[in-house]
Amino acid sequence: MKVNNHSKVAATVIILLCVLFSVPVYSQKAPKLSDPEVASVAVTANQIDVDFAEIAKERSKNADILQFAETMSNDHKAVIAQAVALVTKLKVTPKDNAVSQKLQADAKKTMKMLRSKSGNAFNKAYIDNEVVYHKAVIADVENLLIPESDNAELKALLQNVVPTLKTHLEHAIMVQTKISK
Amino acid sequence: MPGHFNILKNVIYCFCFMFFIAGCKPSPEKEQEPKKAANKTYTVEIKGMKFQPAELAVRKGDTVVWVNKDIVAHDVTEEPGKAWSSSTLATGQSWSLIVTQSANYYCSIHVVMKGKLTME
């Protein structure tokens, strides 16, 4: 009976730990970010998806993947250009921080994984990652970057980016479904 | 004789007046012709990754103007056959079409963005 109780407690603890660690990292303990740090995270997150797209354009021959990658490259470059224009206007210099460093470290691993694949395996890995990445970035923009922005124009830019990210996610899921058939 | 001449003159005046009135009166065909509505111009804004309004009721000959007010480039392309398409519209650019038939359209850059023109 005692053993059973211990087993139940242990199982509950394991389940709780699993739940805690499955929640996106930034919502567990939202780091405090200044506007220069928010700008750095925003630019880094966009640049990472441009880099993923460049790998796709090098390695894929699938028309849907190539079209999606071209859209990601152009859209995220457009967002970066607007972010840079805004920080220049506000005389703010993006400041590197733990969140942007974590994004870069994770992206480095993903790029290594993508470069190790070819053909359909690459197409699947690329589009699967785009679905996961856009979900994570949408959560971070909505739950971390927008709440942490003090400047109204920076906050407005981030709010305007959300529909673009959600459309990218919808597009990625569509391509993912088509490729898996 | 002058009296007869005056009567003849008055008769001619009467005929001339009657012909003038008849000429001014619209013919039965013209009366039955339906009044043609003036063509209209409608604006569709591309904003927040959506065509707004996404569905538009128009008449043949109306003009639809699409204006890109979004933060990224878009286009307007007939689907499924790509019978007509704008070129890429950067932020702030617009493109117009004179409608000749109902059509479904989409953004070929962001393929999940869709719109519809319905002929009334």
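At what angle do helix 3 and helix 4 of chain A pack, and how far apart are their axes? Before answering, I note that this is a predicted model. I looked up the pair: helix 3 (residues 35-59) and helix 4 (residues 63-89) of chain A pack at about 155°, with axes 8 Å apart. Angles over 145 degrees count as roughly antiparallel, so that's what helix 3 and helix 4 of chain A are to each other. I also checked the handedness, and their crossing is left-handed. On the helix 3 side I found A:A39, A:V43 and A:V50 among the contact residues, and on the helix 4 side A:L66, A:A69 and A:I80 are among them. By class, I got 14 nonpolar, four polar and four charged residues for this contact.

Next entry: helix 4 of chain A again, now with helix 7 (residues 152-180) of chain A. Their axes come within 11 Å and cross at roughly 175°, so I wrote down roughly antiparallel here too. Including A:F68 and A:L86, residues of helix 4 meet residues of helix 7 such as A:L157 and A:V161.

Last entry: strands in chain B. Which way do strand 5 (residues 77-79) and strand 7 (residues 103-106) of chain B run? They run antiparallel, joined by three bridges. I picked out one partner pair, B:E78 with B:Y105 of strand 7. Strand 7 of chain B also runs antiparallel to strand 8 (residues 114-119) of chain B, with four bridges joining them. There I spotted B:Y106 opposite B:K114 of strand 8.

Definitions and conventions. Residues are numbered from 1 along each chain as its sequence is written. Chains are lettered from A and ligands numbered from 1 in the order in which they are written. This is a predicted model: local features need pLDDT of at least 70, side-chain atom pairs count only at pLDDT 80 or more; totals for chains, interfaces and linings use all residues. Axes are lines fitted to C-alpha atoms, for helices over the stretch in contact, and angles run from 0 to 180 degrees between N-to-C directions. Helices (H or I, at least four residues) and strands (E, at least two) are DSSP runs, numbered from the N terminus. Angles under 35 degrees count as roughly parallel, over 145 as roughly antiparallel, 65 to 115 as roughly perpendicular and the rest as oblique. A crossing is left-handed if the near helix is turned anticlockwise from the far one by less than a right angle, and right-handed if clockwise. Two residues are in contact if their C-beta atoms, placed from the backbone, lie within 7 Å. Ala, Val, Leu, Ile, Met, Phe, Trp, Tyr, Cys and Pro count as nonpolar, Asp, Glu, Lys and Arg as charged, and the others, Gly among them, as polar. Two strands pair if DSSP finds at least two bridges between them.
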